[in-house]
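Please take a moment to look over the sequence and the model before reading on. The paragraphs below lead through them step by step.

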Amino acid sequence: MFLSKVLKAANHPYITQKGGRLDNNHTPMAGLTWKSLKHHKALQPLFLIVGGGMVFVAAYCFRLAAFTTDVNWVKNKKVEDTYGYYEAKQFKFLNPAGVDYSKYAEARPKYQE
């Protein structure tokens, strides 16, 4: 608190006048406004690629939270009811081999019977 009072008491022209540090702290950085982004053509593909990456990561995190067996949103008492939902479903992101996962549940031994 003492340090902040001392720093606020400094009234030098390079801090408070036009073009000083105080004025520069209130202007946004280059490329963060629409006007400056239109001017800096090299930043436009960067913003598109980074924005696309952020959308992909958010979509993949949603997919992991909503559609895998690692996260259980329905709190049933019986585990068989919860994981029985995933018996004939594919939960790989890609299936380039074309494996039919609907037949895997039949080949598995049923331990409850």
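**A walk along helix α5**

Phe56 and Tyr60 are separated by about one helical turn, because they stand four residues apart in helix α5 (residues 43-67); helices (H or I, at least four residues) and strands (E, at least two) are DSSP runs, numbered from the N terminus. This is a predicted model, in which local features need pLDDT of at least 70 and side-chain atom pairs count only at pLDDT 80 or more, while totals for chains, interfaces and linings use all residues. Residues are numbered from 1 along each chain as its sequence is written, and side-chain values use heavy atoms, with hydrogens and water left out.

A search of the whole structure finds one aromatic pair. Phe56 and Tyr60 form this pair, which is stacked, with 6.3 Å from centre to centre and 15° between the planes. Rings of Phe, Tyr and Trp (its six-membered ring) pair if their centres lie within 6.5 Å, and planes under 30 degrees apart count as stacked, over 60 as edge-to-face and the rest as tilted.

Tyr60 counts as partly exposed because its relative accessibility is 33%, where buried means under 20% relative accessible area, exposed over 50% and partly exposed in between (1.4 Å probe, protein chains only). Other residues of helix α5 can be read in the same way. Met54 lies in helix α5 and is exposed, with a relative accessible area of 57%. Ala58 also lies in helix α5 and is partly exposed at 47%, and from Ala58 to Lys75, 17 residues away in sequence, the C-alpha distance is 25 Å. Arg63 lies in helix α5 too, but Arg63 is buried, with a relative accessible area of 17%. Leaving aside residues up to four places away in sequence, Arg63 touches Thr68, Phe91, Lys92 and Phe93, where contact means heavy atoms within 4.5 Å.

Lys103 counts as exposed because its relative accessibility is 53%. The C-alpha atoms of Lys103 and His40 are separated by 56 Å, and the two residues are 63 apart along the chain.

How far should the coordinates be trusted? Here pLDDT is the predictor's confidence in each residue, from 0 to 100. The chain averages a pLDDT of 80, and 90% of the residues score at least 70. Where pLDDT is low, the predicted coordinates should not be read in detail.
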